[in-house]
Structure formats: structure tokens, C-alpha cells
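Morning, everyone. Please bring up the model on your screens. I'll walk through a few parts of it.

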Amino acid sequence: MTYEEMRLDALTSLNLLNTPASESFDRITRMASQIFQLPIAAISLTDSDRQWFKSKVGVEHNAIPRKKAPCGQVADSSEFVVIEDFALDSRYCDSLLGVSGIRFYAGAPLTTREGYCLGALCVLGTEPRKITEAESAALQDLASMVMSQIELQHAFGRIDPISGLPNRIQFSDDLADLARDTPDEERVAVVLDLAQPHQMERLSAVMGAAACEQVVQDAARSLRAFLGRDLQIYHVSSAQFAFLAPPGLGAAAYRSPLLKLLETELVGAEIKYAVTPVCAMTVFKPKVTSPTDCLRALSSAARETRAVEETVGVFSDRHDVDYRRKFRLLNDFAAALNDREQLRVVLQPRVDLASGEIISAEVLLRWRHPELGEISPGEFVPVIENCALAWPMTKWVLATACSQLGKWHRQGIVLKLSVNFAASNLKEDIVGEVLNCLIANDLPPEALEIELTETSMMQNSVQVLSKLDQLVDNGISLAIDDFGTGYSSLSYLQRLPVSVVKIDRSFIMALSEGSREQKLVHSMIRLSHEMGYRVVAEGIEVPEVADLLRVMGCNEGQGYLFARPLEVAAVEGILATGRIPVYLTSAA
């Protein structure tokens, strides 16, 4: 490589070209203008064909041609250049600067530790003048300050060591600078989400961490080649890159270029099938959007793009509101666990279909948020079950259920309660927790039933089976919830120490559709009985379905036909009066 090629490579690797103005550089430029009492000063970087201004005072444009530019001479020679009078200098008198009225120039080289001159810190005036030794020394000192700032920016927390690209911090700072300099200019921000977390984890497990790094480096090179040198690329997370679309292009117009980007070979051929890149966009509005919100919006848009199985997506305010609400619920739930005014349990009875007797009830959690009001369990439970609060939530429900059972037990009321356990709970000491709750409330083990989905039982099967066996050995019954919706095999199901199967409501709701649906449910009931299970049908809403299930031999029913989830006091009233389900009364 020639010196000029190496110099340009050094300039490009510092990721300075085409970046927004920065106050850390502008401060030095203003100082240079004030010291020389001159109207124009700039940090001028010498590109292949232009002088591009990273910082400027008294200049409207961002670049001028490199040809016949004094800063180009500084870059070529790596020396301090002074032009006392353009009109008397044969080289520059007819240059762009010369014909535009510039008469004086002084430029100090911006030189890297490796000896490559990036350009100059320069001052310019419209009158001829000389420069003193003190002024020359001051300008060179300021040039050294510029280089120190460049090195600090590059070395400390601004450049990703794997991709060599500016990182998330630099992206945020550049957006802030852009908002300051062009507050009325909206730009489309883009994120390339290279792979899902599990894909990178799998790649690392199979091929090693170096393979993940290679994917990132390949993608960085491919992005540079596709986007060109005019767009700055940022490495904002482990597998995500961000950049701003060219000015004036909206999200709809930029969709086509992004589709073409995704069609290119972003990573090496040997691993391209291991990742599934997507692109997502949001509009950065300087007066409205903070850099943090822009990054969050890009991340949200990428998740939503994957969720709807698209390759290019656009940020949606509706989805953002949804993500914000979920985040708030997640944050607020920890406090709710310690506030009896917020959380409570309700009970939905399970009825013996033959006699109409209420023989047990499922324990369901309810949340009355102090500001948001009643939160649907269908909304907050999935959020909590996928975070670290899943086990504290289950423990709270278990403790509350056992406390209520203890009160009833002392009053002579016999009713079994069934508590749901999430899949993630099975990693915890569920045996110890359940037994301690029973002992603390002086309860027999048969007072409690644990409900688990068949899918959760399939996870870590050896460890899970050991814990389930211990629960059953201690007299606690187990139920398979949402039966029929998982992926368990019959050979595995017969190994589970369960005594109850709860057929998912989707099958029960479909019973009125035809004979095929009825035959399927009848087969499920018959097979469960042959395997020794008691069968519960969930989601019974009309008497005809209850009658049909009773004829099929289903043992128990649960659903709105009998009762919606009830407050504890309402259940106590039913137990006290001995009221039986309406459908049995009418049938009799």
C-alpha cells in the first residue's frame, strides 16, 4: 500500500468522516478562532477528494474539494503550513478559497501516533497577516488537543473492539449532536438485527466464540461495502448495527434498499444459514425523540419485525405502548407482592359432573394496580412468568392458598385447592416450599393439588421427574393442565406421577362443531381413564356440553356454566348453602 492509501485507511478506521458535529471538538475550534481573532476556523479532515469539516466556525458548508486546498498540502507534507496572503501565492491565488475572498491561512497537522496526517486544524482570515511564534505554538498545541480527543474517543468506550465500529455510546452522542445542529431535520434510523440471541448462543456452542466474532466482523465489512463511506455505521449491541438513512429519505422509500441489503451475503457462506438478519426503522425527530428513545424504538421495532416474521419493519407506536406497559407491570409487580391491597386470590370451582358436588377449586391470582386498576391475569401472568419474579409470584399464591386452606381446615370445611406452577418454577426447590407451607398451616397433603402444563413437565425431564416423584411420595396430587396443547408423547406421559388430566378448553369449546371433535375428546377421556387418570374438562359454558361430557364419562367440569372465578367469601357462601350447579337442577 502507498502512504496515501495507508493514510486514508487510518482516517477511515477512526470513524470520523460524515459524523455529526461534536461539542468536544467545537470547543477547540472556537478557541482557535478566538486566539487568532479570526472569523474562520475548522478541523479539516483530508479525504480522497475533499476536505471534510469535523468542526467549523464561520463556515456554512461541510466540505470543499481537496484540489488546491491548503489543508491538503498539510496532509501531504505533515507540516505546518502558513499562507500570509493568498493574492501573492501563485499556488492558491486562484483556488476556491482564494477567489472567495480568503487572504490568510494557517494550518497545523493532525497526526496520529503512527505518523499518518489526517488533515489540519486551520484558521483563515479575509485580510493578509503574519503569524507569531506564540500563535504558531498555540495552534499546534490545539492540534495536539484535537488528536488527543480523537484518540480518547477511539480508545475509551467509543469503539467496539470486535467490529471496529463506533458503539452505542457514540451513536447516542452523535444523535444528540445532530439534534443540536439540525433540530428541524428528521432522519430515518435503521437497525440491522443480525441474529437472535439463541442463534448466537448455538453458534458459539458449536463453533466457538471466534465464530460469533467472525459473524460480526463479516457483517461490519458487508455493511461498509453496501452503504459506502457517506453513512456512518454503529455497533450498538452484540448482534445489532445502526445507521441513519440518507437525508430526505423516508421509511417507505428506504424499504427497498434495505431489502437489497438483506439479499447480500452479510456473513460467510459457511454460516449464513445459522443467522436470520432483519432490518427495522424508526424516525428520529430531534425535537421529540431522545437518543435513548431512538435506540429503544429500534430494539422494539426489531423484536416486532421478527414476531410478525417480516424481514424489514417499521417502529409502531402501538407496539411501543404495549412494551412500555409490560415493562411497567414488571417493575410494579415486585411492590405488589408486599402489598395485600393489590394482590388477592380468587377461586374457580371444579364440579363432579355426576353428582354436581363442588369437590375442589383452582386458585387464580388477581392484581388491582393502585393506578391502572384491575390488570387481566392474561396480561400480567405471562410477563411475570418469564422473569425472575416467577417463583416469588408462585410462592405468594401457594402461601395464600395454604393459609386459606388452614382456616377452612380449622372450621371443618373440606375443599381441595389446586395451585398452578410455571415451567420456570421447576428449577426451584418446589418440594421444600410446598411441604413447608403445608406444615406451617397444619394441613394434610391431600388438601393441595399442583397443576403443571405438559410442556413444562417435558423440560429437564430427569430432574423434573425426581421432584414430581417426591411431591407424590409426600401425598400431594399432581394435575396436567391444558392437556392436548403440548408436545408430550404417550410414552413420556405414562411415566409422570400425575392423577388428574385437565383437557384444554380449546377442545371443549369445539365440541359443538361436529362428530370429529366429539370423537377426539371422547378418545382423550377414554385413554386418560385407561392410564389411571381422573379427567377434568375446562371451559364448559353451556349445559349441552356438560351433559355430553358426563355421558362420555368425564369426571369433573370447570367453566362459566358452573361459576366464574369467585372471591373467597363467595365460595364460602356456596359451601355453606350447599348450592348445586344450575344445569343439574334443570336436568333433574
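Start with valine 82: it stands opposite alanine 106 in strand 5. Strands here are DSSP runs of E, at least two residues long, and helices are runs of H or I, at least four long, both numbered from the N terminus.

A word on the source. This is a predicted model, where local features need pLDDT of at least 70 and side-chain atom pairs count only at pLDDT 80 or more, while totals for chains, interfaces and linings use all residues. Residues are numbered from 1 along each chain as its sequence is written, and side-chain values use heavy atoms, with hydrogens and water left out.

Back to the strands. Strand 4 and strand 5 (residues 104-111) pair in the antiparallel sense over 3 bridges. Pairing takes at least two DSSP bridges between two strands.

What is the order of its 6 strands? The order is 3-2-1-6-5-4, in an open sheet with antiparallel pairing. At the edges sit strand 3 (63-65) and strand 4 (81-83), each pairing on one side only. On average, neighbouring strands are turned by 25° against each other, direction ignored.

Next, helix 2, residues 23-36. Helix 2 lies across strand 1 (40-46), strand 2 (50-57) and strand 6 (117-125). To strand 2, helix 2 runs at about 80°. Axes are lines fitted to C-alpha atoms, for helices over the stretch in contact, and angles run from 0 to 180 degrees between N-to-C directions.

On to helix 3, residues 70-77. Pro70, Cys71, Gly72, Val74 and Ala75 are buried there. Buried means under 20% relative accessible area, with a 1.4 Å probe and protein chains only. Serine 78 follows helix 3, with a positive phi near 60°.

Now cysteines. How many disulfides are there, counting cysteine sulfur pairs within 2.5 Å? The count is 0. Cysteine 122 is in none; its nearest cysteine sulfur, that of cysteine 71, is 3.7 Å away. Cysteine 122 counts as buried, at 3% relative accessibility. Cysteine 554 is buried too, with a relative accessible area of 5%.

Last, a helix pair. Helix 10 (residues 291-307) and helix 11 (residues 317-336) pack at about 100°, with axes 10 Å apart. That makes them roughly perpendicular, a label for angles of 65 to 115 degrees. Which residues meet there? From helix 10, Asp293, Arg296, Ser300, Arg303 and Glu304 meet His319, Asp320, Tyr323 and Arg324 in helix 11. Contact means heavy atoms within 4.5 Å.

Technical notes:
Parallel < 35°, antiparallel > 145°, perpendicular 65-115°, else oblique. Buried < 20%, exposed > 50% of the residue type's maximum accessible area, 1.4 Å probe, protein only. Disulfide = S-S within 2.5 Å.
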